[in-house]
Amino acid sequence: MKLVIGIVRPEKANDVLEALYRAEVRGVTLSRVQGHGGELDRVETYRGTTVKIGLADKVRFEIAVSDPFVDPTIAALCEGARTGQVGDGKIFVLPLERAVRIRTGETDHGAVTPVGV
Amino acid sequence: MDVLTIAQSAPKVDTGDTAWMLAATAFVLLMTPALGLFYAGLVRAKNSLNTFMMCVSAIAIAGVTWALVGYSLAFDGTGDLIGGLNYAGLHDVTFVPRDGTTIPHLVFMAFQATFCIITVALISGAVVERMRFGAWMIFAAVWSVVVYAVMAHWAFGGGWLIEGGTLDFAGGVPVEMGSGFSALAAALVVGARKDYGRQALLPHNAIYVVIGAGLLWFGWFGFNGGSGFSTGNGSVLAFTNTLLTPACSLLTWFALDLLRGRQVTAVGAATAIIVGCVLITPAGGFVSPGWAMALGFAGALPCYAVIMLRPRTRVDETLDVLAAHGIAGFTGILFIGFFAQENWNAVSDGLLYGNAAQLGDQALAALAAPVYAFVMTFVLLKLIGLLIPLRATEYEEALGMDTVQHGEEAYPTGEGAILVSPEAGIEEAVPLAQPN
């Protein structure tokens with residue numbers, strides 16, 4: 001059981017969702033975040049004030065999956081998020097100690113497997 | 001003639017008419033930033049400033065081209081197809097009343113300038129979220145002269161349509177059909193947004209949309225109410241009809257929304273206001289208040305239909321300028337041919353009141369205007385496209401036009417912003433506090 005975290009471009013979030021859906025990964029949490037990952041700063045000017053914007057908007061996917069789904073999830077994130085330009089994002093895979101589905105109290109494998117699978 | 005006889009024979013400026021036309025000019029200028037708000041609300045946040053700027057740039061571009069040549073080509077002389085160049089650079093445009101009006105020629109010119117500006121701004125709705133700002137400004141400059149000024153001459157300035165008897169009170173031909181059918185051509189040449197038909201592309205701020213529509217309606221009282229160039233009966237009729245027709249098209253829109261989705265929508269209501277104002281633009285001073293209301297109720301139907309059908313096609317005419325302006329202007333122009341009443345407008349009757357010829361004159365305009373606007377815009381953009389790229393790259397489109405084209409964001413957070421031009425004496429960049 002792993003927690004897969006994917007940091008991707010906001011404009012690619014829909015493509016990632018689509019790829020995850022095709023990979024039959026159904027449980028997803030997503031949040032808007034800001035970060036810096038080596039891409040060039042962009043310069044903005046507001047009247048006399050010129051600033052370098054060091055943080056870029058990103059979308060963070062958090063996906064808890066059972067072991068057989070780890071690789072398909074990573075593949076889907078890569079497929080959906082990749083443009084080839086600097087700033088496409090990162091994927092982190094973390095071990096997951098426990099998972100509980102609140103509605104039923106199911107734990108671990110049962111909790112991260114969609115109902116009906 | 002000595003000076004005295006010239007002074008006596010010259011038409012007199014009417015102070016009341018002039019006062020209203022000064023105000024009406026300001027009303028109509030407000031419509032362009034209002035349109036910017038309306039359009040900006042309808043696009044995604046990352047493109048909202050660029051969308052607003054396309055409208056603002058119309059003021060800069062068309063305001064200048066109009067003074068230099070546009071006004072002269074539209075309003076100098078009675079050539080069939082195009083005016084002369086006597087008024088180029090506003091030569092001879094002075095305090096002396098414009099022929100046929102009781103307002104100073106300068107005011108008449110300024111009022112007409114605001115029409116050219118809003119018309120150029122309208123077309124931007126077809127190409128937002130992907131057209132490059134530089135290419136847009138070049139297009140706007142040329143279009144304002146070779147399309148708008150020519151069509152304004154046909155309908156207002158002594159060209160073949162107005163001389164042939166076509167009635168167009170406030171711009172069904174040059175403004176509404178001119179922008180609407182040009183928008184269709186522009187959308188075809190520039191091409192669809194990369195995400196069109198693949199992702200849901202939703203309005204980022206519906207409140208901007210309804211505020212923009214409200215301000216547009218306000219400005220339209222100057223647009224239609226000023227197009228009689230006086231405070232006379234035609235202006236009063238057009239002014240009142242500008243209240244009635246959009247109210248009726250709103251009701252139609254509510255009903256259609258209810259039938260289709262069981263809910264009345266706010267973005268739909270904003271669209272209905274625009275459609276109503278456009279419907280009454282050509283007909284304002286020519287039809288009775290009763291027929292103006294009928295126009296609002298019935299005229300909204302074809303516009304609603306096109307707005308429903310267009311997104312089902314491959315044509316990414318993004319903000320539906322064709323439906324809201326082209327189709328509504330077309331409907332309004334034809335409506336005059338049926339329902340104009342001489343005892344209301346003192347000019348001509350329509351088919352229903354025994355003058356079938358009027359319908360023929362209106363049909364001629366309803367055919368010629370779309371063809372000219374579409375073909376000229378199509379060719380013009382193809383030519384500009386040979387010289388410079390019309391649209392941003394896919395990568396730039398993904399980032400959003402605000403940061404790519406303008407180096408600004410509509411909603412900057414200030415987080416992670418580093419000041420690079422601080423007060424004199426501080427060399428190294430320091431983190432910037434939150435802007436507000």
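Which residues in α1(A) meet which residues in α2(A)? Keep that in mind as you read these points; the reply comes in point 3.

1. **Ground rules.** This is a predicted model, in which local features need pLDDT of at least 70, side-chain atom pairs count only at pLDDT 80 or more, and totals for chains, interfaces and linings use all residues. Residues are numbered from 1 along each chain as its sequence is written, while chains are lettered from A and ligands numbered from 1 in the order in which they are written.

2. **Chain A as a whole.** Chain A has three helices and six strands; here helices (H or I, at least four residues) and strands (E, at least two) are DSSP runs, numbered from the N terminus. Starting at the N terminus, the order is β-α-β-β-β-β-α-β-α. Its C-alpha atoms fill a box of roughly 60 × 25 × 20 Å along the principal axes. The radius of gyration of chain A is 17 Å, whereas a compact globule of 117 residues would come near 13 Å. That radius is taken over C-alpha atoms, and the globule rule is 2.2 Å times the number of residues to the power 0.38.

3. **Two helices that pack.** Helix α1 (residues 13-22) and helix α2 (residues 70-81) of chain A pack at an angle of about 145°, and their axes are 8 Å apart. Axes are lines fitted to C-alpha atoms, for helices over the stretch in contact, and angles run from 0 to 180 degrees between N-to-C directions. Now for the opening question: Asp15(A), Val16(A), Glu18(A), Ala19(A) and Leu20(A) of α1(A) meet Thr73(A), Ala76(A), Leu77(A), Glu79(A), Gly80(A) and Ala81(A) of α2(A). Two residues are in contact if their C-beta atoms, placed from the backbone, lie within 7 Å. Sorted by class, this contact of α1(A) with α2(A) has six nonpolar, two polar and three charged residues. Ala, Val, Leu, Ile, Met, Phe, Trp, Tyr, Cys and Pro count as nonpolar, Asp, Glu, Lys and Arg as charged, and the others, Gly among them, as polar.

4. **Strands around β1(A).** Strand β1 (residues 2-8) of chain A pairs with β5(A) in the antiparallel sense over seven bridges. Two strands pair if DSSP finds at least two bridges between them. β1(A) also pairs with strand β6 (residues 89-95) of chain A, antiparallel and over seven bridges. For one example on each side, Val4(A) has Ile63(A) in β5(A) as its bridge partner, and Leu3(A) has Leu94(A) in β6(A).

5. **A closer look at Ile63(A).** Ile63(A) lies in strand β5 (residues 56-65) of chain A. Is Ile63(A) buried or exposed? Ile63(A) is buried, because 25 other C-beta atoms lie within 10 Å. A residue is buried if 20 or more other C-beta atoms lie within 10 Å of its own, exposed if 12 or fewer, and partly exposed in between, with C-beta atoms placed from the backbone. Leaving aside neighbours within four places in sequence, Ile63(A) is in contact with Val4(A), Val25(A), Gly27(A), Val28(A) and Thr73(A). Over chain A, 25% of the 117 residues count as buried.

6. **Where chain A touches chain B.** This contact takes 16 residues from chain A and 16 residues from chain B. On the side of chain A, the elements giving two or more residues are β3 (42-46) and β4 (49-53), and β3(A) supplies the largest share, five residues. By class, that side has five nonpolar, seven polar and four charged residues. Three bridges join β4(A) to strand β1 (residues 417-419) of chain B, and the two run antiparallel. Ile53(A) stands opposite Ala417(B) there.

7. **Two aspartates to check.** Asp108(A) has a phi near 50°, a positive value in a residue other than glycine. Asp108(A) sits in the loop between β6 and α3 (109-112) of chain A and counts as partly exposed, because it has 16 C-beta neighbours inside 10 Å. Asp320(B) has a phi near 55°, again positive in a residue other than glycine. Asp320(B) belongs to the loop between α11 (289-309) and α12 (321-339) of chain B, and is buried, with 23 other C-beta atoms within 10 Å.

8. **A buried residue in chain B.** Ile123(B) lies in helix α4 (residues 105-123) of chain B and is buried, with 30 other C-beta atoms within 10 Å. Ile123(B) and Val321(B) are 198 residues apart in sequence, but 6.9 Å apart in space, C-alpha to C-alpha.
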